[in-house]
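Please keep the sequence and the coordinates at hand while reading.

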Amino acid sequence: MKHCFMFLLGIILSATLCGQNYSSEVVFLQQRGNTLTVRAQGISEKKKEAANMALKSAFYTLFYTGVDGVNKGNPMISTAKPDYDRRFFDENRYSVFVKDYTITEGPEKQGKQYRCMVEMTILFDALQKDLNRNKVQTNLGMAVGTLAVR
């Protein structure tokens, strides 16, 4: 049943987010205080957009797929809120929660697209507060400080 729900959620979000090609290659690196550091891949037809797609992909994966080491690998968001997603991804609100990032690989061309890897530090506490303030329904057990450190 959970897989069916996640599948339907994925279909709805794909349509809602204008078919963005988010990568799910996101790896938890560390937690320090109220920040979370991850490595993420971005793919874009435009060289300059590959790093931005990596940043967006990290948030999308945290929100809707889950990342091992964060919230026990469960997605942060349990119920999609299309208006929040549109503002967050399409109007670049995600950048408010990026403390810093470094391009660690690329962008390099693979076929017709560019691939880029970034390591980024997310203001995780502020992100959680923003989700709550915007009444985005998060998964139970998701609270600041519940990052599973390996």
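Helix H2 is mostly covered, since 14 of its 15 residues are buried, where buried stands for under 20% relative accessible area, exposed for over 50% and partly exposed for the range in between, with a 1.4 Å probe and protein chains only. The model is a predicted one, in which local features need pLDDT of at least 70 and side-chain atom pairs count only at pLDDT 80 or more, whereas totals for chains, interfaces and linings use all residues. Residues are numbered from 1 along each chain as its sequence is written, and side-chain values use heavy atoms, with hydrogens and water left out.

The 15 residues of H2 should span 21 Å at 1.5 Å a residue, and the end C-alpha atoms of H2 are 20 Å apart, which agrees; the expected span is 1.5 Å times one less than the number of residues. Helices (H or I, at least four residues) and strands (E, at least two) are DSSP runs, numbered from the N terminus. Just after H2, Gly 66 takes a positive phi of about 100°.

**The sheet and its helices**

Four strands form an open sheet in the order S1-S2-S4-S3, with antiparallel pairing; two strands are taken to pair if DSSP finds at least two bridges between them. Strand S1 (26-32) and strand S3 (98-110) are the edge strands, each of which pairs on one side only. On average, and with direction ignored, neighbouring strands of this sheet are turned by 15° against each other, the axes being lines fitted to C-alpha atoms (for helices over the stretch in contact) and angles running from 0 to 180 degrees between N-to-C directions. Six bridges join S1 to strand S2 (residues 35-44) in the antiparallel sense, and Gln 30 stands opposite Thr 37 in S2.

Helix H2 (residues 50-64) packs on this sheet, touching S1, S2, S3 and strand S4 (113-123), and the direction of H2 makes about 125° with that of S2; contact means heavy atoms within 4.5 Å. Helix H4 (residues 124-133) also packs on the sheet, where H4 touches S2 and S4 and its direction makes about 90° with that of S4.

In the segment after H4 lies Thr 138, which counts as buried at 17% relative accessibility. When its neighbours within four places in sequence are left aside, Thr 138 is in contact with Met 76, Ile 77, Ser 78, Gln 128, Leu 131 and Asn 132.

**Salt bridges**

The structure holds eight salt bridges, each defined as a side-chain nitrogen of Lys or Arg within 4 Å of a carboxyl oxygen of Asp or Glu. The table gives some of them.

| Salt bridge | N to O distance |
|---|---|
| Glu 119 and Arg 39 | 3.3 Å |
| Glu 91 and Arg 86 | 2.4 Å |
| Arg 115 and Glu 105 | 2.8 Å |

The pair of Arg 115 in strand S4 and Glu 105 in strand S3 links distant parts of the chain, ten residues apart. Arg 115 is buried at a relative accessible area of 16%, whereas Glu 105 is partly exposed at 35%.

Glu 91 counts as partly exposed at 47% relative accessibility, as does Arg 86 at 33%. Both belong to a network of salt bridges that links Asp 83, Arg 86, Arg 87 and Glu 91.
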